[in-house]
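Reader: Could you walk me through this chain, starting with the overall layout and then going into the details?
Author: Gladly; here it is.

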Amino acid sequence: LHVMDVPGGAVSRAELITGFVGAGAGVALVLSEGRAVLPPVGHPLVPVLHVSVSEEAPNGSGGACDLRLWRHAGEADDACRRRWLQEVVALLGAAVGRRVRPVAGEAPAFQIARGPSGFST
């Protein structure tokens with residue numbers, strides 16, 4: 001498991017996901033907080049799953065993602081987090097087992113990360 005907080009200046013999700021896959025990741029899980037979900041970016045070699053997390057129930061489509069998590073009315077913190085974990089693990093298992101096709105599979109992208117200077121040496 002590798003957890004990474006994407007810096008505010010990162011402009012290319014394709015580069016970030018390509019870096020993960022190049023480091024050996026077999027699946028990528030992208031978490032977006034709140035209702036603002038960026039367009040999904042997939043990868044041709046591994047499933048890229050997009051999960052939206054919010055304290056409120058979704059209102060309308062809210063963007064393309066594979067799973068929307070929110071707190072149910074009156075749900076305790078520990079019960080909510082446990083349910084979220086179970087749903088994410090089930091989604092990961094289904095994606096790795098090829099029982100679901102990630103939304104990002106419709107928009108695969110591949111770009112070698114160039115680093116902060118914009119080119120590799």
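Reader: How many helices and strands are there in the chain?
Author: There are two helices and three strands, where helices (H or I, at least four residues) and strands (E, at least two) are DSSP runs numbered from the N terminus. From the N terminus on, these elements run α-β-β-β-α. This is a predicted model, in which local features need pLDDT of at least 70 and side-chain atom pairs count only at pLDDT 80 or more, while totals for chains, interfaces and linings use all residues. Residues are numbered from 1 along each chain as its sequence is written, and side-chain values use heavy atoms, with hydrogens and water left out.

Reader: Where is confidence lowest and where is it highest?
Author: Taking pLDDT as the predictor's confidence in each residue, from 0 to 100, the lowest mean is 78, in helix 1 (residues 13-22), and the highest is 94, in helix 2 (residues 77-96). The chain averages 79, and 73% of the residues score at least 70. Where pLDDT is low, the predicted coordinates should not be read in detail.

Reader: Which residues make up the largest nonpolar core?
Author: That core has 10 residues, namely Leu49, Val51, Val53, Leu67, Leu69, Cys80, Trp84, Val88, Leu91 and Ala95. A nonpolar core here is a set of buried Ala, Val, Leu, Ile, Met, Phe, Trp, Tyr and Cys residues joined through side-chain atoms within 4.5 Å, and buried means under 20% relative accessible area, with exposed over 50% and partly exposed in between (1.4 Å probe, protein chains only). Helix 2 gives the most to this core, with five residues.

Reader: And what does Leu91 touch, leaving aside its neighbours within four places in sequence?
Author: With contact meaning heavy atoms within 4.5 Å, Leu91 meets Leu49, Val51, Asp66, Leu67 and Val100. There is also a second, separate core of seven residues, which includes Ile17, Val21, Ala28 and Val46.

Reader: Which residues of helix 2 are buried?
Author: They are Cys80, Arg83, Trp84, Val88, Leu91, Ala94 and Ala95.

Reader: Switching to the strands, in what sense do strand 1 and strand 2 pair?
Author: Strand 1 and strand 2 pair in the parallel sense over six bridges, the requirement for pairing being that DSSP finds at least two bridges between them. Ser32, for instance, has Ser52 in strand 2 as its bridge partner. Strand 1 (residues 28-33) has a covered face of Ala28, Val30 and Ser32, and an uncovered one of Leu29, Leu31 and Glu33.
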